[in-house]
Amino acid sequence: MRFDPFREFDRLAEQALATGARAARGMPMEALRRGDEFLVFLDLPGVRREDVDISVERNVVSIAANRVPQRAEGDEVIVDERPYGVFARHLFLGENLDPSGLSAEVDTGVLTLRIPVNPATKPRKIPVASTVEGSTGQDGLPEGSQQSEGSRQSEESAVGAGSR
């Protein structure tokens, strides 16, 4: 995941200019890598699953959540310090992540996104093959040829030492 300095600037400016709890409009986030996937946890207290919208376009994940007041018609509001409305966040995914495999779930006010690492970007071992003309057996020698251990070692030495 990439760092977005403009998002951080917006967040700091919003906090500095905020008046009361109503101005808090962010989704606090924690992101980490666990094995072959990235986990992103976003705090969405009081938001129902139906009120969360997640979309992916290329390498950008957009999250929008809507929290509505709990009051009903006829209620007399005494104190109201909770923020309402639409909360939004955009996550820019690195090339090593696979947005097509993204999954999401909400549990106890926390939205969890699971983003798998793209298999093509995982480190892998490359087998080293031998290039000997003709068909070779398991030991790298032409089929049917028998060579003693001593002559095999001297051949290897000549290859490593160059021409004499």
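S62 lies in strand β4, which covers residues 60-67, where strands are DSSP runs of E with at least two residues, helices are runs of H or I with at least four, and both are numbered from the N terminus. The model that holds this residue is a predicted one, in which local features need pLDDT of at least 70 and side-chain atom pairs count only at pLDDT 80 or more, while totals for chains, interfaces and linings use all residues. Residues are numbered from 1 along each chain as its sequence is written, and side-chain values use heavy atoms, with hydrogens and water left out.

Starting from S62, we can look at what surrounds this residue. Leaving aside neighbours within four places in sequence, S62 is in contact with D53, I54, S55, R89 and H90, contact meaning heavy atoms within 4.5 Å. With H90 there is also a polar contact of 2.9 Å between the two side chains; a polar contact is a pair of N or O atoms within 3.5 Å, and within protein one of them must be able to donate a hydrogen and the other to accept it, while residues adjacent in sequence count only if both atoms are side-chain atoms.

Of its 164 residues, 20% count as buried, where buried means under 20% relative accessible area, exposed means over 50%, and partly exposed lies in between (1.4 Å probe, protein chains only). Among the contacts in the chain with a separation of 6 or more, 51% are between residues 24 or more positions apart.

Strand β1 (residues 29-34) runs antiparallel to strand β2 (residues 37-43), and six bridges join them; M29, for example, has L42 in β2 as its bridge partner. The hairpin of β1 and β2 has two residues between the strands, and in this hairpin G35 takes a positive phi near 65 degrees. Strand β2 also pairs with strand β7 (residues 110-116) in the antiparallel sense, over seven bridges, and here V40 has L113 in β7 as its bridge partner.

Not counting residues up to four places away in sequence, T112 touches V40, F41, S103, A104 and E105. Another buried residue is L97, at 4% relative accessibility, and L97 lies in the loop between β5 (85-92) and β6 (103-107). Although L97 and P116 are 19 residues apart in sequence, their C-alpha atoms are 6.0 Å apart in space.

Finally, we can turn to the charged side chains. A salt bridge is a side-chain nitrogen of Lys or Arg within 4 Å of a carboxyl oxygen of Asp or Glu, and by this rule the count comes to five. One of them joins the side chains of E37 and R114 at 2.9 Å, N to O; this pair links distant parts of the chain, since E37 is in strand β2 and R114 in strand β7, 77 residues apart. Both partners are partly exposed, E37 with a relative accessible area of 22% and R114 with 31%. R71 forms a salt bridge with D80, the closest N and O atoms being 2.4 Å apart, and R71 counts as partly exposed at 41% relative accessibility. In a further salt bridge the side chains of R48 and D51 meet at 3.2 Å, N to O, and R48 is exposed, with a relative accessible area of 51%. Salt bridges that share partners join R48, R49, E50 and D51 into one network.

Key:
Pairing = 2+ DSSP bridges.
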